[in-house]
Number of protein chains: 2
Amino acid sequence: MQVQTDNLSPEEEIKRICREVVARVRPDEAERREVKALTEFVIARLNEKAEEQGVEARAISVGSTARNTWVSGEADLDIFILFPPDLSEEDLKEQGLALAKSVVSGRYEERYASHPYIHAYLGAHEVDLVPCFAVKDAASLKSAVDRTPFHNEYVAERVRGLEEEVLLLKRFLKCRGIYGSEQRRKGFSGYLCELLILKYSSFVGLLKNASRWRFGERIEIEGRGKYKDRDRNKEKEKDALVVIDPVDPNRNVAAVVSLDSFCRLIDAARDFLACPDASFFSLPSEAPAKAKAKAKAKAKAKEEREMSRAEFLKCVEERGTEFVMVLFEAPAVVEDVLFPQLRKAEASVARLLQREEFEVFRSDISVAVSAAGEKAFLVFELLVWQLPRVKKHLGPPVTSKHHAEQFKKKYIKLRIENGRYVVEVPRKYTDAVELLKNELGTCGLGKDVRGAVERGYEVLRNEEIKFFPGVGSFFKKYFG
Amino acid sequence: MQVQTDNLSPEEEIKRICREVVARVRPDEAERREVKALTEFVIARLNEKAEEQGVEARAISVGSTARNTWVSGEADLDIFILFPPDLSEEDLKEQGLALAKSVVSGRYEERYASHPYIHAYLGAHEVDLVPCFAVKDAASLKSAVDRTPFHNEYVAERVRGLEEEVLLLKRFLKCRGIYGSEQRRKGFSGYLCELLILKYSSFVGLLKNASRWRFGERIEIEGRGKYKDRDRNKEKEKDALVVIDPVDPNRNVAAVVSLDSFCRLIDAARDFLACPDASFFSLPSEAPAKAKAKAKAKAKAKEEREMSRAEFLKCVEERGTEFVMVLFEAPAVVEDVLFPQLRKAEASVARLLQREEFEVFRSDISVAVSAAGEKAFLVFELLVWQLPRVKKHLGPPVTSKHHAEQFKKKYIKLRIENGRYVVEVPRKYTDAVELLKNELGTCGLGKDVRGAVERGYEVLRNEEIKFFPGVGSFFKKYFG
């Protein structure tokens, strides 16, 4: 089943593909020079201004541009401004932002991680200017971003010579939709990619290992980490992957990686090793690498087009299921805040539906921009959406004297089934849409989603579902 | 809420009701004389004939007529014919049946328990003539019926003076439909009733205790029994009630009592103690004890009439559920063989329905006589009887490399959900009736039910369900 060229062995074919991909995604000399020049310019300006302002601060370059592990065309600069650790948080914020703003001339935004930073646009590049404390070691953090300079220090020299392997991994993950640690994606961060390459020495070495990973796989580069898996019984689920941070043995660098992202890497690793093909490194929106170009171009055209309402309704008809969309205005919060709340709402609404015996086949969430602004939505595909009026209400075991007596006071016509009292009651909601129209507020929604829902929401079924831009591509991805 | 007469206390009211019931159900002097005379006559004839035939055998009276614990009008004689324990099974059978037959003149049948016996009709009475071995003690049984003479010996003298209490209990249980150890009923046998009265000294004493029974309640009259509860994990369910046989510590006299019968006694005990009323001792088909007679008579008339097809369809319409009947000729076996097989079939078919995602709300079984002979049927009331074409098929965890590879060879379009591969496949049966029409044979059916089903069966829904005599009363009881 292996797609080979010129009768190469699978190993040789993989090498050939990787060479091709690296040639495409590695920044060329001109890009590297440009990024280096820009970085040095910003750092020099910052240090100059610090001196002018009499502020004790020092700028350093961190992240992928500092380590030559950025993918061509995606060079975003991370400049950290280190302040003395005995500075107050207040002063750090004030002095840090003032210093950062003093060097940016064009468009910029103030953003917030654990504390505020400046996100600026410099020509074709975006630059994060992040004030932090120059703590002694990663164990003495004053804020989460203080760890970054240590990450940089750890990776920078060790990754030298392995940059191309990191690029291959980042590209491979990006094409699977699992590169990046944003909440929307819950994939693999750039730093995590670098650590995985350090651990396994090469992209292919990582794939070979990943294809045999087990749930909760634990990876330690620097001796034994102290990090303990989160308890399965607690609210958060157990980590799918544990990669001990070499600069902080109490931290799991892969904590954000979802079970699905973890599985998708394992799955793709096996697929690629079994049938190496350049298409593994093509984004859906890009031209296919070579060959089969005509068929692929046609497929691509279809893929790029959003699914139409008519196509969606044909799918629904074929499946025979009921699609229910809960639609509301997206609350004005960043995606990393919004997406966990949408996932929480999805799970809670699914539980409500199941509890009321409406069988959920599948569900998903997303955000898209309608004419009326940004909209968030939950979609539930139901196996059962209408139910008989009669409902079984389970009472206590007959042998529980006290509870039995209470229950019998409340209900007249009861019977005994498997040792318990059972009573038949009228079902409050015989239709799933009615249930959601009336009871959505009883679900566990995040603070911002609750606020948005309280301002109003719609529950739409099948042909009522609105196809504003983004909804079609959501369903195209859903039906795969 | 207590229905009292003449301001009696609940205790006095209970005594009054019990006195009334005893007066009704206790055999009068004439009946007792008649039964005694008949018993002595049969025993004398048997012993005579044995001597004539040169057979070493001795007849004794056992059961309720031997202990004065039969309910008036229900005197069935149990005469056991004891043979020497060194006789062969063959000879016992041959000599026993010959001897029994030699004393019956009218109508009789050969029946089988652990070995054959004669069931004869003598005037208004039915008589069982049961050959058995006169073993030394209950631990040296040669057949299950050999135990009966020991039961008789144990109870006969101990129960003297408590006969009325036994009668009350038997009547109380009969009116709940839980008197008798037949498989159809799985209730309390006469011997069990006597033991319970011996244990608690009175009917009311038993009720007070039963109202506090727990699952697996263990009752021992003669010291510590050796009987161990059946293992919950084995095929058979754990005994709801354990009453150690005083003549055989390895035996649970209440083994046949179902969880439902057990619970119904507990439930009724609490009800009667809380609101003592003579109606607890009235069978549905009998005239009400007193008062409220007019309303009750009207209710009774309705109750006695079978539910009509139109009434049934109105109930179905109101509930909104789907009734599915599996109908076939009852196999020619006794009820004690048939009913466990029907229950087994019911459970197995319900599992099939649930496995295919058709939600079973409730089910029951019965036997009734149609114009075309005796019919057996299973009835399933469904919450969900039609499903979309699409079905989810769960694959292995992504991390199970070998199974994952096998699964991916088999299916093209799969996705990952909660760490497992998932594929959507067409549902084979989108209708529950179609499922049963085609797949009933795959269910676990008893030998005789399987044979009957293989000879042909119908699957009928709602308005298709046939209302031959017995079906109406089945549904009347079902809808309570």
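In the predicted model, Asn418(B) lies in the loop between β13 and β14 (420–426) of chain B. The phi of Asn418(B) is positive, near 50 degrees, although the residue is not a glycine. Most residues other than glycine have a negative phi. Asn418(B) counts as exposed because it has 12 C-beta neighbours inside 10 Å, and a residue with 12 or fewer falls in that class.

The corresponding region of chain A can be described in terms of its strand pairing. β13(A) and β14(A) form a hairpin with two residues between them, and Asn418(A), in the turn, has a positive phi of about 50 degrees. Strand β13 (residues 414–417) of chain A runs antiparallel to β14(A), and four bridges join the two. Within this pairing, Arg415(A) has Val422(A) of β14(A) as its bridge partner. Strand β14 (residues 420–426) of chain A is also joined by six bridges to strand β12 (residues 390–397) of chain A, again in an antiparallel arrangement. Here the bridge partner of Leu394(A) in β14(A) is Val422(A).

Ser201(A) is placed in the loop between α7 (190–200) and α8 (203–210) of chain A. With 11 C-beta neighbours inside 10 Å, Ser201(A) is classed as exposed.

The overall organisation of chain A was examined next. Chain A contains 16 helices and 15 strands, and its C-alpha trace spans about 85 × 65 × 50 Å along the principal axes. Of its 480 residues, 35% count as buried. Among the contacts in chain A between residues at least 6 apart in sequence, 64% join residues at least 24 apart.

One open sheet of chain A consists of three strands in the order β6-β7-β8, with mixed pairing. Strands β6 (217–219) and β8 (248–252) of chain A stand at the edges; each has a single partner strand, so one side of each is left without a neighbour in the sheet. From one strand to the next, the twist averages 25 degrees. β6(A) runs parallel to strand β7 (residues 241–245) of chain A, to which three bridges join it. In this pairing Ile219(A) has Val243(A) of β7(A) as its bridge partner.

Helix α2 (residues 29–52) of chain A comprises 24 residues. From its first C-alpha to its last, α2(A) reaches 34 Å, close to the 34 Å expected at 1.5 Å a residue. Its buried residues are Val35(A), Thr39(A), Val42(A), Leu46(A) and Ala50(A).

In chain B, Ala134(B) occupies the loop between β5 (125–133) and α5 (148–158). Ala134(B) counts as partly exposed, because 18 C-beta neighbours lie inside 10 Å. Beyond its neighbours within four places in sequence, Ala134(B) is in contact with Leu82(B), Phe83(B), Pro84(B) and Pro85(B). Ala134(B) and Pro85(B) are 49 residues apart along the chain, yet their C-alpha atoms are separated by 5.6 Å.

The relation between the chains was then considered. Chain B is superposed on chain A by a rotation of 180 degrees with 0.0 Å of shift along the axis, at an RMSD of 0.1 Å. The two copies are therefore related as by a two-fold rotation axis. Val384(B) comes closest to this axis of the residues of chain B, with its C-alpha at 3.8 Å.

The contact between the copies takes 32 residues from chain B and 32 residues from chain A. On the side of chain B that touches chain A, the elements giving two or more residues are α9 (259–274), β12 (390–397) and β13 (414–417) of chain B. The largest share, six residues, comes from α9(B). The residues of this side of chain B divide into 13 nonpolar, seven polar and 12 charged. Because 100% of the interface residues of chain B are also interface residues in chain A, the copies meet through the same surface.

Technical notes:
Residues numbered from 1 in each chain as written. Chains lettered and ligands numbered in written order. Predicted model: local features only at pLDDT ≥ 70, side-chain atom pairs only at ≥ 80, totals over all residues. Pairing = 2+ DSSP bridges. Axes fitted to C-alpha atoms, helices over the stretch in contact; angles between N-to-C directions. Expected span 1.5 Å × (residues − 1). Buried ≥ 20, exposed ≤ 12 C-beta atoms within 10 Å, placed from the backbone. Contact = placed C-beta atoms within 7 Å. Least-squares fit on C-alpha atoms with pLDDT ≥ 70 in both. Nonpolar A, V, L, I, M, F, W, Y, C, P; charged D, E, K, R; others polar.
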